[in-house]
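Take a walk through this protein chain. We start with the whole and then visit a few spots.

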Amino acid sequence: MARVLKKGLLVLALFAVAWLAVIIWWQESRTLPTGVDIGLYLFALPLAILIAFLVGARLVRAARAPKAAPVQAGTDAPADVPARPAELRLVAVAARAAAGADAPAIVEALAEHKRPELDPELKTPQGFPIFAARVPGMDDMELYAAARDLGAPPEALATAPLRVTALLTEIARALTRDAHARVTELDVPAREEDWPLLRLDVLMPAHWPEAARLRALAAVRAAAGAWPDARISTAEHPAQDAMAADHLLRQLASEPRDAQSEPQWRIVLAGDGYIDAAQVAQWDGLSMLLTHANPQGRVPGEAAAGLLLAPPDADADLRVTLSPVLQRQKSADARGAQAEAPLADLARDLLNAADVSPDSVVHLVSDADHRGSRPLEPLGVASQLFPHLDAGKDCQAVGVACGHTGVAASLLTLAVAGETCLQFDQPVLALTLQDPALRAAALVSRPAASATA
């Protein structure tokens with residue numbers, strides 16, 4: 001009803017403006033209008049403007065709508081053969097956030113619908129307490145003193161990077177232990193050069209000072225001490241937005257396998273955090289902070305998560321099938337934004353590509369929080385594809401429990417989905433929803449039982 005009234009008022013306003021302009025023109029030119037002039041200028045002209053406006057709006061929407069990627073010429077594959085979906089093979093997942101000290105604890109907290117509480121330290125510039133998802137058990141002063149004693153420069157001593165670096169080192173250490181256990185399961189390599197390569201890809205916010213990012217990268221490498229140092233390589237990935245981890249995973253999945261290259265174990269890490277008084281003040285000034293006056297604001301959070309990717313010659317415990325990246329027609333942060341049908345279509349195509357039946361999916365995990373259309377989008381997918389799922393129990397939003405975790409959000413969601421898949425031994429769908437416009441999905445399943453359709 002509101003939409004009809006809005007459109008009606010726009011039509012009336014258009015006619016009123018057209019009539020006013022024509023009447024003023026007649027008065028200024030001292031024209032005595034005939035019956036034909038009245039019909040032409042007071043009715044036909046506004047109708048023509050209205051039709052042109054509607055056609056133009058439709059053309060703009062069509063131009064902005066997501067389009068299928070063009071088929072490349074010169075390929076011999078039949079047109080009806082679908083492209084092979086991007087896939088990753090995982091050995092282990094790890095995560096730490098306010099909701100839990102590891103992935104199983106986070107899964108349990110989501111099942112219990114835990115929420116962030118009022119933070120004992122963070123307040124708005126006006127002195128009001130705020131909700132925040134702070135990871136317990138870390139002392140900011142101890143982290144500061146330890147980093148300063150090790151010679152960290154002043155620009156690397158901000159609270160949020162210090163806390164996130166500590167989280168990243170925990171995840172790197174845990175996943176390195178998992179890789180070490182797999183490699184030494186049958187026998188310990190006799191020489192250092194007999195160890196396989198270990199690569200650590202670390203995603204951190206690009207807005208961190210370079211000194212903070214370099215310190216975090218060095219700490220992650222040091223945390224992998226169970227591996228021979230000469231067989232470790234690290235790479236920093238400064239992340240500009242929440243989709244950085246998704247883009248990196250799709251890049252890794254699409255890399256061609258070189259039969260001549262040496263197999264390597266790979267750990268992908270992401271960390272981000274906003275438990276910082278300066279960050280809270282900045283968000284409050286930009287009206288981005290959740291307060292009683294701004295219910296669509298963010299809840300500061302912090303997290304680190306990681307995936308251990310298996311080399312081609314190793315067995316994997318999980319298979320991750322990745323969808324293409326989809327663009328919404330309307331920003332999720334825009335007023336009145338709703339769930340859009342293409343997201344359900346994207347998930348349906350992903351299930352078909354992975355040869356997984358919708359009836360076998362036991363959970364839907366997203367990085368959604370309370371803002372905009374994000375709470376509605378997973379429910380829309382579940383209602384269309386998974387009517388057997390209970391929206392209250394089986395559709396879980398990591399952002400609601402862990403707050404805003406920025407760069408770490410999608411990897412944290414994948415880690416939770418992977419742990420859930422291991423616990424239930426059934427496929428789990430993960431949705432990436434933090435970006436205002438871009439959407440992606442990932443299906444996490446067990447390799448031995450993935451073809452359940």
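Two residues are in contact when heavy atoms of theirs lie within 4.5 Å. Among contacts in the chain between residues at least 6 apart in sequence, 79% join residues at least 24 apart. Keep in mind that this is a predicted model, where local features need pLDDT of at least 70, side-chain atom pairs count only at pLDDT 80 or more, and totals for chains, interfaces and linings use all residues. Residues are numbered from 1 along each chain as its sequence is written, and side-chain values use heavy atoms, with hydrogens and water left out.

The chain has 12 helices and 13 strands. Both are DSSP runs, numbered from the N terminus: helices are H or I with at least four residues, strands are E with at least two. The chain holds 453 residues, and 45% of them count as buried. Buried means under 20% relative accessible area, exposed means over 50%, and partly exposed lies in between (1.4 Å probe, protein chains only).

Now visit Arg231. It sits in the loop between helix 6 (210-223) and strand 5 (232-239). Is Arg231 buried or exposed? Arg231 counts as buried, because its relative accessibility is 14%. Beyond its neighbours within four places in sequence, its contacts include Glu192, Glu193, Trp195 and Glu262.

How many aromatic pairs does a search of the whole structure find? It finds two. Rings of Phe, Tyr and Trp (its six-membered ring) pair if their centres lie within 6.5 Å; planes under 30 degrees apart count as stacked, over 60 as edge-to-face and the rest as tilted. Trp195 and Trp227 form an edge-to-face pair, with 5.2 Å centre to centre and 65° between the planes. The pair links distant parts of the chain, 32 residues apart. Both Trp195 and Trp227 are buried.

Next come two helices. The axes of helix 3 (residues 103-111) and helix 12 (residues 409-424) come within 9 Å and cross at roughly 85°. Helix 3 is therefore roughly perpendicular to helix 12. Angles of 65 to 115 degrees count as roughly perpendicular, under 35 as roughly parallel, over 145 as roughly antiparallel and the rest as oblique. Axes are lines fitted to C-alpha atoms, for helices over the stretch in contact, and angles run from 0 to 180 degrees between N-to-C directions.

Finish at Asp284, in helix 8 (residues 277-285). Asp284 and Thr124 are 160 residues apart in sequence, yet 6.9 Å apart in space, C-alpha to C-alpha.
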